[in-house]
Amino acid sequence: MITLFQNTSDLTTAGLIFMLVVWSLTIGFTIYCFIRILKIGNKLPADTPGQDE
Amino acid sequence: MPNLSARESWGTRFGLIFAVAGNAIGLGNFLRFPVQAAENGGGSFMIPYIIAFLLIGIPLMWMEWTIGRYGGRYGHGTTPGMFARLWNHPAAKYLGVLGLIIPFIVLTYYVFIESWTFAYSVFSLTGLFGDYMVVNGGSSSELSLMKDFLLGYTGQQHDPFFWGIGMAAIFLGITLVANFWILYKGLSGGIEWFAKWALPTLFIFAIILVIRIFTLDQIPGSNGTVWQGLGYIWNPDYSRLGDVNVWLAAAGQIFFTLSVGMGTIHTYASYLRSKEDIALNGLATGMTNEFAEIVLGVCIAIPVAVLFFGLSETITIAQGGSFNLGFVSMSVIFNHIEFGPFFGFIWFFLLFFAGITSSVAMGQPIVTFLQEELKWSHRKSVTALLVLTVGCVIPVLLFSQYGYLDELDFWAGTFLLVLFGTIECILLAWVFGMDKTWAEMNLGAAITIPRIFYFIIKWVTPLFLIALLAVWFFNSAWGILIFANEDNPDKIAAAIGARLFIVVIFVAFSFLVYRSWKSGTHRELK
């Protein structure tokens, strides 16, 4: 039997909740950031730093 | 006045974020993090780690993007010029020298370790680990054999299977060529181009490995499971929350993993236009790094090691260091699973990609400094860095067995990161001024930075960093300085050599900064 289905209780309920909360926040914020970037537009202006002063 | 069009610029936002995230995602995410977690009590480590990420990591990330973009507006791509803009005092530019020497010194040993990952990916595909076990097998355990393999390959002990350090030198040479070819191709054509396909490949490799590890069968003779590994890291454990060393380790890991306190983010951010967003870009790179570390990195080395060796043996392996877990135990594991050579290749090549996107970032500040402050051509700057790196990596290659690499890693890769982070934090929040910093940070911001970070950046982050330095100073500084725990004269000599090297590099770059300001090659955009 594959390890995925064995002794799942080694990760306690509190541990599972802690892990899922941290993972959800990490993945959620990462996706949020990339969606916002897509909305702004991926392409950066071609001019060089300092020229827009 | 300098030619404005001479400064390079990023082509796309994703390219920029992948490059900065690639700088952050390195060997620390997949090797150092699991070891730090295992050494510091697993569940006890994660709570300080997350707090350190919020109170040190994210604020420093935003601060460094701010300093970088602000400096870039005045034509400065490195911290000597940037710090001189933040603090109008002759000493400021010399404090900024730390932002040149830290990435350079780390580069000199990081690229060596990076070359091991490339070599191991080739060894996996060619089945060299199996050959080694056949030739040297006997009563030794496989872990012990693979440890000998690593020591023999890196020249730390004599092994007739390898040609001294010849094989390691060849892979180091190939790794150096790859790094400097990317640097030579420039910011957009080299670093950004490489990051745009290296980082997605790295994530795909990591996901493939996680799926493979979680679908492995139970190993005969071992009672470990992947859940036991995850449980060790995630099951909350409050017993060691009062241990200051756990907090120090968590904060140290945040510095290492996000590549803050190094000078590399400043340089990358300096190539942004002055009203380009840094709030969202900074958060995106930080979160991408954390995704690699606490979602993917946490699901590979520790769970599979627990599955094979059991929990207590895994903790012992991890306490032997990152190389013990990442190179020694993983080589044994991949030697036993179906299609092991393929998955071994994926693991070590993933590490190689993670390493190379970080090492090119460490080289870029020096290239930018030589170009902008000394007015050297790009080609001359890259060539000079290559020559300097080759010269400085030779002692790493020759004296690693005496602890030369460890000494460099302690000072440049650990202590100086925290010191530099503290200096830049105070300069920005207290010398430049928090109101100006906040305005600069929010200029062109695509997201609203929560107001609480005004307070965190001004008070919490600097106090946290000062407390870290103070605790380290009172707990360990003197013993480390006088080699209280070392009685091997060869190791003491190598450590002194490493310290002298750091001092010489600091003096040399300080002289270059002095010359640049004195001779007028240092110019500011108005």
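Which residues are buried in helix 4 of chain B? The close-ups below start there.

**View 1. Helix 4 of chain B, tucked inside.** Thr79(B), Pro80(B), Gly81(B), Met82(B), Phe83(B) and Leu86(B) are the buried ones (buried means under 20% relative accessible area, exposed over 50%, partly exposed in between, with a 1.4 Å probe and protein chains only). That's six of the eight residues of this helix (residues 79-86), so it is largely enclosed by the rest of the structure. Helices here are DSSP runs of H or I with at least four residues, strands are E runs of at least two, and both are numbered from the N terminus.

This is a predicted model, so local features need pLDDT of at least 70 and side-chain atom pairs count only at pLDDT 80 or more, while totals for chains, interfaces and linings use all residues. Residues are numbered from 1 along each chain as its sequence is written, chains are lettered from A and ligands numbered from 1 in the order in which they are written, and side-chain values use heavy atoms, leaving out hydrogens and water.

**View 2. Arg13(B) and Glu276(B) join hands.** Their salt bridge (a side-chain nitrogen of Lys or Arg within 4 Å of a carboxyl oxygen of Asp or Glu) has its closest N and O atoms 2.8 Å apart. Arg13(B) sits in helix 1 (residues 13-24) of chain B and Glu276(B) in the loop between helix 13 (264-270) and helix 14 (279-296), so the pair ties together parts that are 263 residues apart in sequence. Arg13(B) counts as buried at 9% relative accessibility, and Glu276(B) is buried too, at 5%. Arg273(B) also meets Glu276(B) in a salt bridge, at 3.8 Å from N to O, and Arg13(B), Arg273(B) and Glu276(B) are linked in a network.

**View 3. Glu440(B) reaches Arg69(B).** In this salt bridge the closest N and O atoms are 3.4 Å apart. Glu440(B) belongs to helix 20 of chain B and Arg69(B) to helix 3 (residues 43-73), so to speak distant parts of the chain, 371 residues apart. Both Glu440(B) and Arg69(B) are buried.

**View 4. Ile466(B) on helix 21.** This residue is found in helix 21 of chain B. Ile466(B) is partly exposed, with a relative accessible area of 40%.

**View 5. A look at chain A.** Chain A has one helix and zero strands. Of its 53 residues, 36% count as buried.
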